[in-house]
Amino acid sequence: MSTTTVPVTGLDLGHAVLPPLIGSAVERIDALEKVSGRASYAADTRLPRMLFGAVVRSPHASARIVSIDTSAAERLPGVHVVITGADTAQVKWGAFRPDLYPLAVDYVRYVGDDVAAVAARDIETARRAAELVVVEYEVLPAVLSLDEALAEGAPLVHENTPGNVAHEFSFDRGGVEDWFERSDVIVEGTWQTARQWHASIETIGCTAEWSGDRVSLWVNTQTPFLARQRYATALGLPLRAVRVVQTEIGGGFGGKSGDDNASVICAILARRTGRAVQLMHTREDEFLASHPRIPMRYKVRLGFTSDGLVTAKDIEVTADNGAYTGKAQAVLGAATVRHDALFNYRAVRAHSRLVYTNLVPTGAFRGFGNPSADWAVGQAWDLAADRLGIEVPDLFLLNAVETGSVSPHNHKITSCELKQCITMAAKAIDWAGKRAAPKPNRGLAMGVSVHVSGRRSFGDYDGSSAIVRLAEDGRAVVIVGEGEIGTGARTTLAQIAAAELGLAVADVSVTRPDTDLTTHALGALASRVTYVAGNAVKRAAEHACTQLLEAAASQLGRPASQLWVEDGVVHGPAGSEGEAPVRSPVGAVVRAALYRPDGEPIVGVGSFDNPSEFPDQSRYGNESGAYNFAAEAAEVEVDPDTGAVTVVELAAAVDCGTVLNPPLAEGQVEGGIAQGIGMALTERFDWEAGAPTKPNFNDYKLPTAGIMPKLHIEFADSYEPTGPFGAKGVGEISLDPVPSIIASAVADAVGVRIHELPITAENIFWGMESKEGDR
């Protein structure tokens with residue numbers, strides 16, 4: 001893989017003059033810890049007398065639990081306790097729809113369902129004991145596909161959910177049928193996505209310890225405060241009885257959002273044994289019982305005038321929820337409406353259903369529904385361009401939203417450089433040149449995407465708060481609960497604070513989330529941390545800096561309005577009577593403000609709530625205060641003898657507002673593209689009786705450096721007026737269009753359009769043989 005990146009150049013973007021630190025390649029503040037091995041991940045937690053846990057999982061997709069015999073496991077030397085559903089509070093829990101018990105009660109609903117758990121002196125003993133637990137099942141009929149689950153008279157996954165439909169909503173905004181009647185060109189098709197696992201380098205894990213009636217959990221969760229609420233519910237405890245501390249996280253991608261039972265089970269084991277317990281997923285656990293991307297079936301219909309103006313869009317979305325809901329309900333909503341903020345649709349209509357099946361539960365994954373939507377809708381746009389005889393970039397430019405646009409769902413676009421991104425991506429891939437000199441079996445395609453910078457999902461709040469404390473040694477401590485999941489968020493927040501305070505980034509530290517000690521936060525989701533938490537940190541730093549300059553004014557005899565901070569020193573001009581310019585180190589000012597009668601520390605407090613709306617049940621409402629955009633173009637080559645696909649080159653142009661730290665932003669774009677290629681080409685399992693046949697990395701192929709294309713990464717000249725120094729989110733969007741553009745490029749290369757993920761050489765080969773593709 002080779003990469004070319006267009007750097008951020010210039011700090012005056014025509015919107016604001018930015019501090020020198022903003023736009024700089026600041027070294028990550030956690031770099032030394034990680035490269036030296038000192039970073040402490042979930043499995044590194046060690047507490048006195050700690051035990052280790054293991055989980056007994058269902059081998060059946062649907063069954064009634066007749067009996068559980070734990071006696072053999074309990075007799076094994078080194079085993080301290082074996083628990084079942086009878087030992088839990090037997091309270092159902094879930095992010096949006098409470099349907100999950102901590103351990104199964106009476107029934108199991110998928111292969112991998114949590115049935116019992118063991119705590120023992122070491123992990124080997126715990127796993128051996130788990131194998132000795134004997135469970136008698138009455139196997140029941142299972143529904144293992146969307147069609148089976150929706151069939152008349154199908155077995156119910158949950159008895160209180162008629163038709164196996166967990167959630168459903170519809171809308172028609174603008175009168176779709178009228179606009180289709182006025183359309184000259186109509187394209188339609190059906191596309192299917194598949195489960196995609198997060199495959200983080202670190203598996204899900206927790207260490208739990210009780211002190212009296214209160215439990216502390218050291219967890220690799222992306223969302224400590226939200227997870228705390230869910231864990232308290234599942235444990236039957238008041239919120240104040242649960243503390244969550246975030247450990248280092250070896251990759252999250254949405255999969256460590258606190259939707260699984262691991263931490264709850266760990267807490268129960270710790271309470272029963274009276275000792276600390278650690279429970280880490282095995283890799284097999286991760287594939288059987290985490291919450292992968294939701295498979296979705298899209299029926300898409302688009303209308304256009306003869307000159308290429310889009311008129312109407314009609315979609316029907318059916319999503320495979322799996323056995324329990326997690327965040328799938330919210331993902332379905334995003335997958336239904338968010339992409340309507342890309343183009344100037346006159347009318348949109350949708351009918352979306354979330355369907356229970358007896359398969360592994362699904363949930364949040366990087367992109368949060370956008371990749372599935374872009375996979376289907378993006379290919380429909382590609383079909384339309386072909387029918388209209390318009391090059392895809394030109395069709396996009398003709399219809400793309402701009403700053404000031406409002407989507408049919410009231411998404412208000414305060415900054416948008418989508419057209420700039422389209423032009424940049426086309427130039428980077430040399431669209432015109434490649435079209436002028438086509439090569440055999442090579443194809444081109446382009447796709448676009450829109451994402452949020454935070455979203456109002458959990459009550460009518462999508463805010464953050466922060467405290468900035470200036471220390472008497474001249475450093476600043478940022479106290480914030482948002483956390484770090486490997487993206488460099490703590491570095492970005494330190495950079496924002498340092499720029500506002502006039503300090504070096506090395507003199508700013510950022511706390512790790514601890515629900516007892518840090519400010520409340522929703523955590524790493526919806527590409528929100530830079531935009532939402534960044535604004536809170538910036539405001540807290542501004543507050544602290546104001547206090548600092550007021551204290552310095554009193555000490556130095558200059559008006560605060562004439563003072564400034566640079567390189568950790570407060571500076572002031574010469575006095576009116578010939579006094580020399582003044583300067584005093586920040587630490588000296590802080591110390592003098594504290595060590596005096598009625599002295600006070602310098603502590604700044606800041607908060608920010610996303611200027612957005614809580615969408616209604618039909619998902620109408622301005623769900624975010626800032627939307628980020630991307631355009632991506634790909635060139636692929638198809639082997640005519642085998643159907644194998646090689647992605648030769650891929651260009652990504654991203655509008656994320658001001659790029660605060662170019663290497664971090666580039667890393668996010670590169671990582672998203674890699675996951676998109678995996679989703680498109682390599683990531684799949686063979687299934688049998690409702691489970692992957694070999695749940696490990698031998699059969700689940702992640703993209704490697706060997707299949708990565710030449711990359712061109714560019715950032716639009718953009719500024720978000722509501723963002724910290726003009727920034728908005730970047731973490732997810734680059735993944736979204738990748739599967740769609742690979743499929744469309746294959747269609748351009750060999751005339752075969754693939755409708756189901758992943759794109760396999762076999763399907764392309766037989767498509768070429770029959771030439772039944774609908775290009």
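Student: Is Phe685 buried or exposed?

Tutor: In this predicted model, Phe685 has a relative accessible area of 7%, so it counts as buried.

Student: How is a pair of aromatic rings described?

Tutor: One gives the distance of the centres and the angle of the planes. A search of the whole structure finds 20 aromatic pairs. One of them joins Trp197 and Phe685, with 5.3 Å centre to centre and 75 degrees between the planes, an edge-to-face arrangement. These two residues are 488 residues apart: Trp197 is in the loop between strands S9 and S10, and Phe685 is in the loop between helix H17 and strand S27.

Student: Which arrangement do Trp197 and Trp687 form?

Tutor: That pair is tilted, with centres 6.1 Å apart and planes at 35 degrees. Trp687 lies in strand S27, so the pair ties together parts that are 490 residues apart in sequence. Trp687 is partly exposed, with a relative accessible area of 35%. Ring pairs link Trp197, Phe685 and Trp687 into a cluster that also includes Phe287, Phe697 and Tyr700.

Student: How many disulfides does the structure hold?

Tutor: It holds 0 disulfides. For Cys416, the closest cysteine sulfur is that of Cys421, 8.0 Å away, which is too far for a bond. Both cysteines are buried: Cys416 at 7% relative accessibility, and Cys421 with a relative accessible area of 0%.

Terms used
Residues numbered from 1 in each chain as written. Predicted model: local features only at pLDDT ≥ 70, side-chain atom pairs only at ≥ 80, totals over all residues. Heavy atoms only, no water. Disulfide = S-S within 2.5 Å. Buried < 20%, exposed > 50% of the residue type's maximum accessible area, 1.4 Å probe, protein only. Phe/Tyr/Trp six-rings, centres within 6.5 Å; stacked < 30°, edge-to-face > 60°. Helix = DSSP H or I, 4+ residues; strand = E, 2+ residues; numbered from the N terminus.
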